[in-house]
Amino acid sequence: MDIIETIKQPWPWYVSGPLIGLTVPVLLFAGNKKFGISSSLRHICAVVIPSNISFFKYDWKKEIWNLFFVAGVVIGAFIAASWLSDHQPIQVNGKLVTELAGYGIDDYKHLSPADLFNWHNLLTIKGFIVMVVGGFLVGFGTRYAGGCTSGHSIMGISNLQWPSLVATICFMAGGFLMANLIMPFILKL
Amino acid sequence: METQILDTNTDFEVVSLDSVWNESRLKHPWWYNIKYLVAGIFFGIILIKAEVVSWFRIQEMFRLQSFHMYGVIGSAIVTGIISIWIIKKFGLKTIHGEKIELHPKSFNKGQVYGGLLFGFGWALTGACPGPLFALIGSGATVIIVTLISAVAGTWVYGYIRHKLPH
């Protein structure tokens, strides 16, 4: 069963990238839906804690497809991790391995490092900044920007919207700053 | 004036709030949404198999140590551009026979400030919103906390939105 073995290995960029891109026409054909995942966070607010804030007062039932989509993402990821994985450590650049070893990160068995992302670490300063502050910035920043990697970088640029290109450049700039200049101090904590 | 600033749309992802949005006249039963669940399942599988939800891969990307992430995002964009070009060129319709409509996004400063803040969060967590959901599905249960924090971030944005520069 060679094909199963091939599927179980990590997929190269030239396979996975076009498949991700095809999500754009799939959602448009399925019912005029615009690819954009961060808006699910806004819908969750609108459903659970609208708190009379005008930004969350809209008919979220008209956007419910988006919540079905992210529920699917959770299920799909479970399927891939359970049955479509060869359970090999992630192969990354040797320079990164050396750098991360200096912070005590050397477990490559999972997609996110178990040395950093675990329940116990939530109560440490480092873990709190990475998991909780980081998550907050993702939610705050994507909504402030009006989209994330899917809504701006893929859907927006695919539709040739220059504000989405500006947003994407800023995503990358923020990431470069954080990863290279600020995170070394955080990971040393 | 105050309310006018408040009501200005800067987020074009909730299409039912878009002034140029035409609500579909087709009324479908709820289970028509199952097709988006299925699309999400495929998307979740791809995210995991491409390793784009990996914190390690994101660190590599922001250190220019691997082409992988650039290849994935770049080829996804090229595929998207070609798809939308074909859709517009031939005026293609949805499977329900409605015209496919695409709306422009206008610029506001939030795309810069919010974009930078999201970039910080992306590097820290190694995840954008889609991967947060995918990581939880893959068994990284602690990411539930990160997702709740992201929902809180979105809520706080909505709460202080009128005070922020846009």
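In the predicted model, two residue pairs are in polar contact across the interface of domain 1 of chain A and domain 2 of chain A, both residues of each pair being at pLDDT 80 or more, whereas the number of salt bridges found across this interface is zero. Helix H2 (13–31) and H3 of chain A each contribute at least two residues to the side of domain 1 of chain A that touches domain 2 of chain A, and H3(A) gives the largest share of that side, namely three residues. Sorted by class, this side of domain 1 of chain A comprises six nonpolar, three polar and two charged residues.

The two domains of chain A span residues 1–87 (domain 1) and 118–189 (domain 2), and their C-alpha centres are 18 Å apart. Contact between them involves eleven residues of domain 1 of chain A and nine residues of domain 2 of chain A. The area buried between domain 1 of chain A and domain 2 of chain A comes to about 810 Å², with carbon and sulfur atoms giving 76% of it; of the area that domain 1 of chain A buries against domain 2 of chain A, 52% is supplied by A:Val24, A:Phe35 and A:Ser38, more than by any other three residues.

Within helix H3 of chain A (residues 39–48) is A:Ser40, which is classed as buried because its relative accessible area, 0%, is under the 20% cut-off. The side chain of A:Ser40 reaches the backbone oxygen of A:Ile37 at a distance of 2.7 Å. Leaving aside residues up to four places away in sequence, A:Ser40 touches A:Asn66, A:Leu67 and A:Val70, together with B:Phe133 from the other chain.

The contact between the chains takes 135 residues from chain A and 119 residues from chain B, and about 11000 Å² is buried between them, 75% of it on carbon and sulfur atoms. Four salt bridges are found across the interface of chain B and chain A, including one in which the side chains of B:Arg63 and A:Glu99 meet at 2.8 Å, N to O. Polar contacts between chain B and chain A number 39 residue pairs, with both residues at pLDDT 80 or more. On the side of chain B that touches chain A, the elements giving two or more residues are helices H2 (34–49), H3 (55–62), H4 (68–90), H5 (110–125), H6 (129–138) and H7 (143–160) of chain B, and by class this side has 68 nonpolar, 36 polar and 15 charged residues.

Key: Residues numbered from 1 in each chain as written. Chains lettered and ligands numbered in written order. Predicted model: local features only at pLDDT ≥ 70, side-chain atom pairs only at ≥ 80, totals over all residues. Heavy atoms only, no water. Helix = DSSP H or I, 4+ residues; strand = E, 2+ residues; numbered from the N terminus. Buried < 20%, exposed > 50% of the residue type's maximum accessible area, 1.4 Å probe, protein only. Polar contact = N/O pair within 3.5 Å; in protein donor to acceptor, adjacent residues only side chain to side chain. Contact = heavy atoms within 4.5 Å. Buried area = accessible area lost by both parts, 1.4 Å probe. Nonpolar A, V, L, I, M, F, W, Y, C, P; charged D, E, K, R; others polar. Domains from an automatic or database assignment.
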